[in-house]
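Okay, thanks everyone for coming.

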Amino acid sequence: METTIPKFADTIVIGGGTAGSAIAGELAARSDQSVMLIEAGPDYGPMAGGRWPSELTDARALPTSHDWGYNSGDQYPGRVVNFDRARVIGGCSSHNGCAAIWGSRIDYDGWAALGNLGWSTEELLPLFRAGSERLRVRIPERDEVTPYQLAWLDAAPSAGIPVVSDLNNLDENQGMAPSPANVSNGVRWNAAFAYLDPARNRSNLTIMDNAMVDRLAIRNERVAGVRAIRGGEAIEIDAGRVVLAAGTYGSPAILMRSGVGDPAELRSLGIEVALDLPGVGRNLHDHPLVGLMFAGSKELEESMVEFGRTYWRPEEQTIAKARSSRCSSAFDLHMFPIGGPIAGKPGEWGWSMAVSSVTPRSRGALNLASADPRIAPRIEHRYLSDPEDEDERILVEGVKLARQMAAEPRLTQLLGREKWPGPSLQSETQIASAVRANVAHYCHPVGTCAMGPSQNRGAVVDSRGRVHGLDNCYIADASIMPVIPRANTNIPALIVGLRVVDWLLGS
């Protein structure tokens, strides 16, 4: 039965992803205010309803549907880099590899040191614990680890990386272990299951799916309402306040279409300026990634098939926190093996070791290509663009470290020959050239609505998520992270939502 859409809500939450689902669910469950959640993708209802597509709930592989289709366009000669983002209730928590990593103490203390009070590690730890519990995060036992993942885990000490018990020890800055994961009995347990399902029966919560938000109606330094497009028709809803949780690409794009951003850029698209806030869309960054590829062996395939008869067989399962020689604090590399059947190619297997710099210096930007919400923004990550080439150097060292692990005799036997970058490429210059030609997206974009004090012209929101210059507009997603954490952003994005919702509730 079609949901009746009210004309007014005390709080409108835009975006039903990891943070947005938590915000809407918590606001509805912990207050009597009317809450409307607007999601551009479909809502398949509660987990118990049985309507969820299996590819979204099956934690063994990454889904390929329900994606926004963002990509690099013509930025990289000869190739296109996909910028995967989920377009479905639960957002990327419905779509990801389920790595539930927290990062390092340095990350969040660093946010606080930039003038963002309330964001230190000690203040966030209760939310990390509570959020991980709601997402049913657990660490797999050793006998649950696939033979491929286990071979890399056992080889880690040969490269000076100890095997540790918990990657979410925020003070342990080097080690490899099975990844904590939001997986429950093989089900990818997303934020909609965790936070929306308990509140779905409440009369104060309305979920409007398949609705793309065009813009906010801004009057007298306040947001009066929201204009959305659903089924080809415009819908306007008045609001007491608005919380943007449309993600690192979606939140700045909505602000810009609403007239909030750099005045010159907005006028060039025929958008009337409502608020001069030049930081909108700037500071875009992600963890740059490359992946070594191996031919594999018959023995490896057979062991994985045998393992799959008893246990679930995910393609992502272990992560190493590692340090290059350029690392001065905590760690600067993530390394994680990916191996298993190739989706859509029966009988074919793929084996790789992904290497990512988790302290990127390069910064990009998001700009509107049009004022039309149906036209995707131009996303320029500008990977490896830092003037000192530090991001490139860290990835080169990561490739060499992965090769050191792969040289462990047992692992070498299983891996077979190195297909990329290939054994003929040995010098730093050769590896650097290969890295630059193949750098890819680790799916962790942040920073386009960075939080910081109002005197910082690059800041978009204050330390409580309120947009500078708008009394009743908040942002609570990965876009407000001023600096990317040393972590997959699944849990950190959730923590941003939980932190802001506490303040919205007056906690």
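Quick one to start: in E2, which residue is the bridge partner of Thr 11? It's Val 35. From E1 the chain goes through helix H1, residues 18-30, over to E2, and that β-α-β crossover is right-handed. By right-handed I mean that, with the strands pointing away from you, the path from the first strand over the helix to the second runs clockwise.

Some housekeeping. This is a predicted model, so local features need pLDDT of at least 70 and side-chain atom pairs count only at pLDDT 80 or more, while totals for chains, interfaces and linings use all residues. Residues are numbered from 1 along each chain as its sequence is written, and side-chain values use heavy atoms, with hydrogens and water left out.

Helices here are DSSP runs of H or I with at least four residues, strands are runs of E with at least two, and both are numbered from the N terminus. On that count the protein chain has 13 helices and 20 strands.

Back to E1, residues 8-14. Of its 7 residues, 5 are buried, meaning under 20% relative accessible area with a 1.4 Å probe, protein chains only; exposed is over 50%, and partly exposed is in between. Strands pair if DSSP finds at least two bridges between them. E1 runs parallel to E2, residues 35-38, with 4 bridges. E1 also pairs with E9, residues 233-244, again in the parallel sense, over 6 bridges. There, Ala 9 has Ala 239 as its bridge partner.

Now follow E9 to its other pairing. E8 and E9 are antiparallel, with 6 bridges, and Gly 225 has Asp 238 in E9 as its bridge partner. That hairpin has 2 residues between the strands, and Gly 231 takes a positive phi near 60°.

Ile 218 stands opposite Val 223 in E8. This hairpin also has 2 residues between the strands, and here Asn 220 takes a positive phi near 55°.

Zooming out, how many of the 507 residues count as buried? It's 59%. The C-alpha atoms fill a box of roughly 70 × 50 × 45 Å along the principal axes.
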